[in-house]
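Here's a quick briefing to read alongside the model. Take a look at the structure first, then work through the notes.

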Amino acid sequence: MAKGKRRVSEINAASMADIAFLLLCFFMMVTTMNTDTGLGRMLPPPVPEKIDDDTPPIKERNVFEILINSQNQILVERAPMQLKDLKDAAKNFILNPMNEAHLPEKEAKELPGLGVVVVTPRATISLQNDRGTQYQTYLAVQNELQKAYNELRNEFAKAYFGAPYDDLTSEEQDIIRKEVYPQRISEAEPRNVKGGK
Amino acid sequence: MSKFRKKEKRGVGGLNTASLPDIVFMLLFFFMVSTSMRDVELKVRVRNPEASEVTKLEKKSLVTYIYIGVPQHSFQSKFGTEPRLQLNDQFASVDDIQSYIVQERESMSENDRPLMTVSIKADYDCPMGIITDVKQALRKAQALKISYSARKGDYIANN
C-alpha cells in the first residue's frame, strides 16, 4: 500500500524549470520591445476641385517662407540659412518680440484664467521642397520647426502655469496648443526644378 | 554536540528550488504577452532618419505602416533600384494606397477609425518626390494623421 502511494505522488518536476526556461529564451529572443517613434503631423484635408477664392490673401509679413532645393540647401525668407539657425529664426518669427513690421501681426487675446496674452495668431510657416530633396533634410527641417514650437510652448507653460508643458493637464495643454501657439505649417506642392522622379 | 553537527549538514544540502519554475513561468508569461509576432518582412531597405522631437506612437493597433525605400538586393533585379513602396508584404504603387487605407480602416473598430495613424517609414536617403506622392494619396484617402517614423537622435550635432 505504501509503495503504491509513493508511485503516484512522485512526479519529478525538476525538468519543468528547464522547459520553462527554453520557452522563456525563445520569447525573449523574438520579442521586439522597441516602440515606434516618429514625428507626428496632420495633413490638410483634400481641396475640392472648385476653389472659391473668397479667402483673403495672407499678408506677406505673416508668412515665414522656407524653401529646400534638391541640393538640400535651405532658403529662409529669400536668404540662405544653415539648419542649426533655423530654430531660432522660427522662434523669433512666431514670437515677434520686438514688434517689428516685417514679422507677424500681434493681437491681444483674452484667455480663460490667464488674462490678456499677446499672440501672433496669423503666423504661418510655409514649407516648400523639391522632389529631389533628401528625406532626412526635410525631416530635419520639420524637426527644427517642431522644436521651435515645443520650446515656445514650454516657455509659455513655465511662465503662466509654473510647470513644464509636459506636466500640465490636457486642458492647459490645449489652451497653449490651440490658442497661444497654434502650429500652422503649410506645405506647398513641391516643385520639380532639377531632375527628380 | 551531535545536535549542532546535524543542523549544519541539513543547511548546506537543502536549497529549495521548488519555486524556480513559478518565477520562470511568470517571466515567460510576461514575454509572451509583450511579444508582437506580426512583423512584416521588409522588402525595401529602410534606414530610419534621425530627429530629436520624436514622440511615441501609443497604440500599435491604431497604426498603419507604409514602407518606402530602395528594394533589397535580392529584389533589385526584378524591381529596379528606384525607391518603391511596400504595403503589408508586397511592393505597391502609389495608386494602391487608397484601397489599402480603406481596407485597413475597415478592419478597425468603429471607435478607433478617427484615431488611425499612418506611419511613414521611409529611408533617410529617399528623394521627397515619392514621399510627396504618398502624402497626396493619403490626403485623398482621408488618412490625415501621419507620423514620420524616425529614431531619436540629433541630426544637426552629428553633421
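Predicted model: local features only at pLDDT ≥ 70, side-chain atom pairs only at ≥ 80, totals over all residues.

Residues are numbered from 1 along each chain as its sequence is written, with chains lettered from A and ligands numbered from 1 in the order in which they are written.

**Interface**
- Chain A brings 45 residues into contact with 49 of chain B (contact: C-beta atoms, placed from the backbone, within 7 Å).
- On chain A's side, α2 (14-30), β1 (37-42), α3 (83-95) and α4 (135-160) each supply at least two residues; helices (H or I, at least four residues) and strands (E, at least two) are DSSP runs, numbered from the N terminus.
- That side of chain A splits into 23 nonpolar, 15 polar and seven charged residues (nonpolar: Ala, Val, Leu, Ile, Met, Phe, Trp, Tyr, Cys and Pro; charged: Asp, Glu, Lys and Arg; polar: the others, Gly among them).

**Strand pairing across chains**
- β1(A) runs antiparallel to β3 (residues 55-56) of chain B, over two bridges (pairing takes at least two DSSP bridges).
- Gly38(A) has Thr55(B) as its bridge partner in β3(B).

**Chain B**
- Chain B has six helices and nine strands.
- Of its 159 residues, 26% are buried (20 or more other C-beta atoms within 10 Å of a residue's own, C-beta atoms being placed from the backbone).
- Among chain B contacts between residues at least 6 apart in sequence, 77% join residues at least 24 apart.

**Around Ala90(A)**
- Beyond its neighbours within four places in sequence, Ala90(A) contacts Phe64(A), Ile125(A), Glu144(A), Leu145(A) and Ala148(A).

Terms used:
Contact = placed C-beta atoms within 7 Å. Buried ≥ 20, exposed ≤ 12 C-beta atoms within 10 Å, placed from the backbone.
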